[in-house]
Amino acid sequence: MHPAATQSSQATIETFQQYVIANYNRYPISLVHGEGSYVWDAEGKRYLDLFPGWGCDILGHCPPQVVKAVQEQVAHLIHIPNTWYTEAQGEFAKLLGERGFGKSFFCNSGAEAIEGAIKLARLAKTGEGKFKIITFGNSFHGRTYAAVTATAQPKYHEGLGPMVPGFSYATHNDLASVKRLIDKETAAILIEPIQGEGGINIPTDEFIHGLRALCDEHGLLLVFDEVQTCMGRTGTWFGYQQWGVQPDILTMAKGVCAGVACGVVMARPEIAQYLKPGKHASTFGGNPLAMAAGVATIRTIEDDHLLENVKAMSARFAGHVARLAAELPVIRETRIRGMMIGIDLHVPGTTCVQKCMERGVLINVTHDTVIRLLPALNITAEQVDEGMAVIGEVLRDLPGA
Ligand SMILES: Cc1ncc(COP(=O)(O)O)c(C=O)c1O
């Protein structure tokens, strides 16, 4: 038993079976403690976590600077409503704006940030009679009604209709398909600069620059969903900086406060002004604990030179992945940008998660066939080698490898 555990994994599973709604498929272990890229289960087994917190634990588990900042903040103020000013919210917004652009609105999750971005885009364009939003096949924007409507795949809509009106879906990496959907009522284009849940799909330079040009030509807002790509994940503070294509509105969540729940809508000041008092709000948004964690996250990334580490470790992952791809015909394609790693297989890959877990490595499989890793920005070279050795073993065991 791990010292942080009070009961076995099995006992926790039994409590869940009785009291927790079963809307997630869960692996049969209870995790009790984490440090950096390692996490332990109740029985004391250690795992190398190459998918910490589904991308939220961007500095690994319990980064000391963030733990300290939250501990200090919690003793002063836990929650303060947005009817008052707090130092931490102003400071975090300033740090984000200096590394990105414009002004920020704070909420608590990715879906909530998307809702805010959609409302802001419509508010900014309502005077021109524009409200339609174009999104993309294989996208993922969250589970609330507008966010799940923006998410193009029909499987996410089944049984939920009617969906929110005003959304249409273009094909990723296909500018002509976007052009066909633009009309006088189109307000915005919403896109993840790199599709995450859709399988680490990296757009071409022409496509992403072409979207900006289309927005400029037709007076549309370009909204980047950076819930997964923000905070150095791609090797730059934000995904858009990979291309130098400036969005008008940008959403963040997941890693933005290193695992403390937070969502952000960032907008150019001319657009941000449309979010006036009474138009949008979030009770917990911008709470002192999340804001203190966010400030500590930015400081840690800078003090520990983690953007440089992302570049070095990304190249190291890429070397391993390229060697595996040369060896194993079961690998169809590999897609890597910073600490976003996708290994697309010719066969379903879901069994790889359990097999890696048995060998002490946590990974994810998305879109049925894509092994997805979102490692912590501070992962070490030894951990990259350790994890890729296990993934290699598991892939060699696949049928048709
Ligand atoms: C790009 C993107 N947008 C939005 C979301 C929704 O975020 P949340 O689950 O915090 O609501 C996700 C979650 O995976 C995401 O990857």
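## Cys 257

Cys 257 is buried, because 30 other C-beta atoms lie within 10 Å and 20 or more is the mark of a buried residue. This is a predicted model. Cys 257 sits in a loop. That loop runs between strand E9 (249–252) and strand E10 (263–267).

What does Cys 257 touch, leaving aside residues up to four places away in sequence? The partners are Cys 262, Ala 290, Ala 293, Gly 294 and Thr 297. Gly 294 also belongs to the H9 side of a helix contact with H3. Lys 184 is another matter. Lys 184 and Cys 257 are 73 residues apart in sequence, and their C-alpha atoms are 39 Å apart in space.

## Helices H3 and H9

Helix H3 covers residues 87–99, and helix H9 covers residues 288–303. Their axes come within 8 Å. The crossing angle is roughly 35°, and the crossing is left-handed.

H3 brings Ala 88, Gln 89, Glu 91, Phe 92 and Leu 95 to the contact. H9 answers with Pro 288, Met 291, Ala 292, Gly 294, Val 295 and Ile 298. By class, the residues of this contact are eight nonpolar, two polar and one charged.

## Tyr 85

Tyr 85 is in the loop between helix H2 (64–74) and H3. Is Tyr 85 buried or exposed? Tyr 85 is exposed, because 8 other C-beta atoms lie within 10 Å and a count of 12 or fewer marks an exposed residue. Tyr 145 is 60 residues from Tyr 85 along the chain. The C-alpha atoms of the two are separated by 31 Å.

## Around the ligand

The shell around the ligand holds 14 residues. Which come nearest? They are Ser 109, Gly 110, Ala 111, Gly 142 and Val 227. Helix H4 (residues 110–125) gives the most to this shell, with three residues. Sorted by class, the shell has five nonpolar, six polar and three charged residues.

## The whole chain

The chain has 12 helices and 15 strands. The C-alpha trace spans about 60 × 55 × 45 Å along its principal axes. The radius of gyration is 21 Å, which agrees with the value near 21 Å for a compact globule of 401 residues.

Buried residues make up 47% of the 401 residues; Cys 257 is buried. Contacts also reach across the sequence. Among those between residues at least 6 apart in sequence, 72% join residues at least 24 apart.

Terms used:
Residues are numbered from 1 along each chain as its sequence is written. This is a predicted model: local features need pLDDT of at least 70, side-chain atom pairs count only at pLDDT 80 or more; totals for chains, interfaces and linings use all residues. Axes are lines fitted to C-alpha atoms, for helices over the stretch in contact, and angles run from 0 to 180 degrees between N-to-C directions. Helices (H or I, at least four residues) and strands (E, at least two) are DSSP runs, numbered from the N terminus. A crossing is left-handed if the near helix is turned anticlockwise from the far one by less than a right angle, and right-handed if clockwise. Two residues are in contact if their C-beta atoms, placed from the backbone, lie within 7 Å. Ala, Val, Leu, Ile, Met, Phe, Trp, Tyr, Cys and Pro count as nonpolar, Asp, Glu, Lys and Arg as charged, and the others, Gly among them, as polar. The radius of gyration is taken over C-alpha atoms; the globule rule is 2.2 Å times the number of residues to the power 0.38. A residue is near a molecule or strand if its C-beta atom, placed from the backbone, lies within 6 Å of it.
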